[in-house]
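The following exercises concern the chain shown below. Each task is followed by a worked solution.

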Amino acid sequence: MFLNILLFLSAFYALVILTAALFAALARFSADRAYRPRVSLVIAARNEAEKIERCLDSIVALTYPRDLLEVIIVNDRSTDGTGSIVERYSRNHPHIHLLNILQETGPLRGKPNAVAKGINSSAGEIIMMTDADCTVPHGWVEEAVKYFADERVGIVAGFTFLNGNSLFSQMQALDWFALFSVAAAGVRTGFPITAVGTNLHVRRAAYEQVGGFEGIPFSVTEDYALFNAVTSLTDFKAKFPLDRGLLVTSLPSETSGDLYNQKKRWFVGGIGMAPRYLVFFLLLYLAVLAVTVGT
């Protein structure tokens, strides 16, 4: 009986990946590579001293015009050397700015508070977001903003690849590919579900229309909350292209405990999802567990 359940969940997982990946791969979105708006890249960082230099090196290598790009790194009460590392980069690269948060104020907490503070201090027409443990390709900004040439587009999400050689890392990478494929397929079929903040970008007009992070219900998964607000409360459209030039690279969870905490946070943050989506993702996570056990 147990073996049959494992086989069913494994088959379900494979079918979901193949179907969603096909929808994502076939999706075509209008884009204008000549579009050059002013862009603000906002990254929240807390105790990321061991990882943030990789991120900053990739940001320094971005090819988008420097006079149209500002980078705001929000140092969220770090107790390690994160702030000093960012400050060193900012001295050598004037478009990189350090914003220190010494304490939380207002109704927001944690990362949503840090990201909101960064966005509030920015000026770009397009707000781009990633995480401090991510690296981005050289043409990342151009590849993202080309989808905003259509003024009806309010939010754009991209895929994120987890880099690692161990079986544990590769299982996480497969899981993320399934998640992103399902999310991209949802946008392609007219049922936007979610997005991940490692590669998420929003038009300022859309962000302000929903009241920013201060104006939407607090969630530990601020990326889902923002994506859901823009797609459900405004007339702006979403795009979720499977675009190699938009691909961000991140790091997998190092331990099973870290992975559990990540999944728990995602699940808690997604409680506000429509029940059918919650059931679907629960089955998907059970399928991941089945594949893991089966290997």
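**Exercise 1.** Locate D150 and determine whether D150 is buried or exposed.

*Solution.* D150 is found in the loop that links α5 (140-145) to β5 (153-157). Helices (H or I, at least four residues) and strands (E, at least two) are DSSP runs, numbered from the N terminus. The model is predicted, so local features need pLDDT of at least 70 and side-chain atom pairs count only at pLDDT 80 or more, whereas totals for chains, interfaces and linings use all residues. Residues are numbered from 1 along each chain as its sequence is written, and side-chain values use heavy atoms, with hydrogens and water left out.

The relative accessible area of D150 is 18%. D150 is therefore buried, given that buried means under 20% relative accessible area, exposed over 50%, and partly exposed in between (1.4 Å probe, protein chains only). Leaving aside neighbours within four places in sequence, D150 is in contact (heavy atoms within 4.5 Å) with S30, R203 and K239.

**Exercise 2.** State the strand order of the open sheet and identify its edge strands.

*Solution.* Seven strands form the sheet, in the order β3-β2-β1-β4-β7-β5-β8, with mixed pairing. Two strands pair if DSSP finds at least two bridges between them. The edges are β3 and β8 (237-239), each of which pairs on one side only. On average, neighbouring strands are turned by 20° against each other, direction ignored.

β1 and β2 run parallel and are joined by seven bridges. Among the partners in β2, V71 bridges L41 and N75 bridges A45. Helix α2 packs on the sheet, where α2 touches β1, β2 and β3, and its direction makes about 175° with that of β1. Axes are lines fitted to C-alpha atoms, for helices over the stretch in contact, and angles run from 0 to 180 degrees between N-to-C directions.

**Exercise 3.** Explain why β1 is described as largely enclosed by the rest of the structure.

*Solution.* Seven of the seven residues of β1 are buried, so this strand is largely enclosed. In a regular strand the side chains alternate between the two faces of the sheet. In β1, V39, L41, I43 and A45 point one way, S40, V42 and A44 point the other way, and all are buried.

**Exercise 4.** Determine which residues of helix α3 (residues 82-92) are buried, and what they pack against.

*Solution.* The buried residues are T82, G83, I85, V86, Y89 and S90. They lie on the same side of α3 because they cover an arc of only 160° around the axis, the arc being that of the directions from the helix axis to the C-beta atoms. R91 and N92, on the other side of α3, are exposed. The buried residues of α3 pack against β1 (39-45), α2 (52-60), β2 (69-76) and β3 (96-101).

**Exercise 5.** Describe the largest nonpolar core and the contacts of F240.

*Solution.* A nonpolar core is a set of buried Ala, Val, Leu, Ile, Met, Phe, Trp, Tyr and Cys residues joined through side-chain atoms within 4.5 Å. The largest has 40 residues, and V202, F213, L226 and F240 have the most contacts inside it. Helix α6 (residues 167-188) supplies the largest share of this core, seven residues. Apart from this core lies another, of 34 residues, among them I52, C134, A144 and V153.

Not counting residues up to four places away in sequence, F240 touches F29, A157, G158, F159, F180, A183, A184, V187, T194 and A195.
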